[in-house]
Amino acid sequence: MKEIIVLAEHRRGELRDVTWEMLSKGRQLSESLGAEINVALLGKGVNHLAEALKPKTNRVLLVEDERLEAFNSVTYEKVLTQLITERKPFLTLIAHTAMGMDLAPGLATHLKMPLATDCIGIDLEGETVSLTRQLYGGKVNAAVSFLKTGPYIVTIRSGAFPVLEKGPLAGEIVPLPSPLTAEGLAKRFLQYVEAAAGEVDITQADILVSVGRGIKEAENIPIVKELADALGGALACSRPVVDKKWLPKGCQVGTSGKTVKPKVYIAIGISGAFQHVAGMKGAGTIIAINKDPKAPIFSVAQYGIVADLFKIVPVLKEKVKELRKS
Amino acid sequence: MNIIVCIKRVPETTDADVSIDKTGKDIDKSGLVFDLNEWDSYAIEEAILLKEKLGGTVTVISMGGEDSNESLRKCLAMGADDAIRLTDPAFAGSDGYATAKILAEAIRKIPYDLILTGTQAEDDGYGQVGITVAKMLGIPHASLVNHLEVQDKKLNVHRELEGGLEEVVEIDLPALLTIQTGINEPRYVSIMGIRKVAKKEIKTYGTSDLNLKTEEVGVSGSQIRLEKLFLPPVGEGAELLEGKPEEVALKVFDILKDKGGLT
């Protein structure tokens, strides 16, 4: 029987959302292909995850080994090489995340399988796979095809596919032997560390004033900080501001930073890259200020101001001060 | 410590108006400014910091036409010792996999302890090339690195995960790391600095120098092909608040009051 295998992504005992997204898309593809939708679950003491995955799959291919307790591309590659070589799934779906980015290119090269990374669309016509990727930070989409025949590995962007409600499947847990041995590894997992927390917990604020690359210089940060203060809100930012060390990591909203759900989110000089949007799309109301009318942030925001932030933000601050006094 | 850094020259599109060209397979690059890929600027800076601390050499490699010399010279001005450009008409149309093959063959000719690349490129965003190179060379890798320390024959590396979490791993040398933005503060390069390295030789290698056959590179050596570009579908879009700054400010204030943010 043909199959599509989704690699379950989990960390510290919890499945990550992208796993359900891949299973939802994978099930749709498996129906069009007349294939099974199976999940590969690698870990140690992950029976509770296997149980949770059952209704979304035909089989949970479970490999348990103490060496799989934390993700390591070396051990994952060994296990998946055996699994894919034996089962020859038509398609293996892996998340384009810190885990999948570390794993998929090496795995595909090792198995001599064609790989397409960071896909936001997959369509099948018979066994012909059409993919959609994004270029130039999401400014352009690209239709992409494979030049070689399958089986294939495709990595999937988090949040790109909705989790569709479908009737449960009678998933069967299939324990498989681990191919791992006691031999030393060239890469060893040591531990997790949390990024230093900021002075203010931005996840608790009702109003977040968030600043991006458009602020141009560290010296300009007070312009937005003063607006946040006037509103009684907290100051947050997008990735480039942290990369440039203008604000601490604890202020960062997005995939690699915090996920926030304030009542109101004011995005100032933020273009709206998908990594940022992933961290703030749950806000009650989003107001965006950007001088580029084509900035993707305006597709996410309910209210938009196309203007130079240096002209609008100081006026807004004064207005808020004045009106809050009265 | 001898370090190789793989870099790419890319068009700067963050603040630019991007449109698709007549072929439908590329963007219209006229009028765009090109620069060193942002991730690569952190990779080259990290290599130079290591060289300053531990000695050794930094060799920078790029695949591309003569235009790429500009980015290679920027790296030389930052402190790299040697620059190599991989160029051949047969390389055109190479995807991430074929690009990795070309880079790996060039790297085989040079002694190294460590290879650094950016985590991804601003243009095609594969996030694939560095690790594929590592696999082809048979050395261990770590991606999304935002902190590293050299400890004798191994490295202690932090990888950036999601949600503010990091993973600490130990990795044996020689190794390849893909560098995440924010790991350091790339140094500024002055026009004078670029002028000083203007005459420095940039070696070029093509298919035959790299023991590659033409069918192994370019489109015939690739796994995927770009069929066409299209603009992303636009969502419903925001309601635009227009008027003089004072009027807009008043509208924002009303929204804030209405949506419960202000107390």
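Here is a short chat about domains, chain contacts, helix packing and a few backbone details.

Q: Before we start, what kind of model is this?
A: It's a predicted model.

Q: Okay, how is chain A divided?
A: Chain A has domain 1, covering 3-176, and domain 2, covering 202-325.

Q: And how far apart are the C-alpha centres of those two domains?
A: The centres of domain 1 and domain 2 of chain A are 35 Å apart.

Q: How many residues are in contact between them?
A: Four residues of domain 1 of chain A meet five residues of domain 2 of chain A. On the domain 1 side, the four are polar, with no nonpolar and no charged residues.

Q: You listed strand 12 of chain B. Which strand of chain A does it pair with, and in what sense?
A: Strand 12 of chain B pairs with strand 10 (residues 140-146) of chain A, in the antiparallel sense, over six bridges. Within that topic, A:Val144 stands opposite B:Leu226.

Q: Helix 4 came up too. How do helix 3 and helix 4 of chain B cross?
A: The axes of helix 3 (residues 96-107) and helix 4 (residues 129-137) of chain B come within 8 Å and cross at roughly 50°. That angle makes helix 3 of chain B oblique to helix 4 of chain B. The crossing is right-handed.

Q: Which residues make that contact?
A: Among them are B:Tyr97, B:Leu103 and B:Ile107 from helix 3 of chain B, and B:Val133 and B:Met136 from helix 4 of chain B. By class, the contact has nine nonpolar, three polar and one charged residues.

Q: Last topic, the backbone. Where are the cis peptide bonds you'd point out?
A: One runs from A:Gly150 to A:Pro151, with omega near 0°, and A:Pro151 is in the loop between strand 10 and strand 11 of chain A. Another joins B:Leu173 and B:Pro174, with omega about -5°. B:Pro174 sits in the loop between strand 9 and strand 10 of chain B.

Q: What about phi of A:Arg12?
A: Phi of A:Arg12 is near 50°, a positive value in a residue other than glycine. A:Arg12 lies in the loop between strand 2 and strand 3 of chain A.

Key. Residues numbered from 1 in each chain as written. Chains lettered and ligands numbered in written order. Predicted model: local features only at pLDDT ≥ 70, side-chain atom pairs only at ≥ 80, totals over all residues. Domains from an automatic or database assignment. Contact = placed C-beta atoms within 7 Å. Nonpolar A, V, L, I, M, F, W, Y, C, P; charged D, E, K, R; others polar. Axes fitted to C-alpha atoms, helices over the stretch in contact; angles between N-to-C directions. Helix = DSSP H or I, 4+ residues; strand = E, 2+ residues; numbered from the N terminus. Parallel < 35°, antiparallel > 145°, perpendicular 65-115°, else oblique. Left-handed = near helix turned anticlockwise from the far one by under 90°. Pairing = 2+ DSSP bridges.
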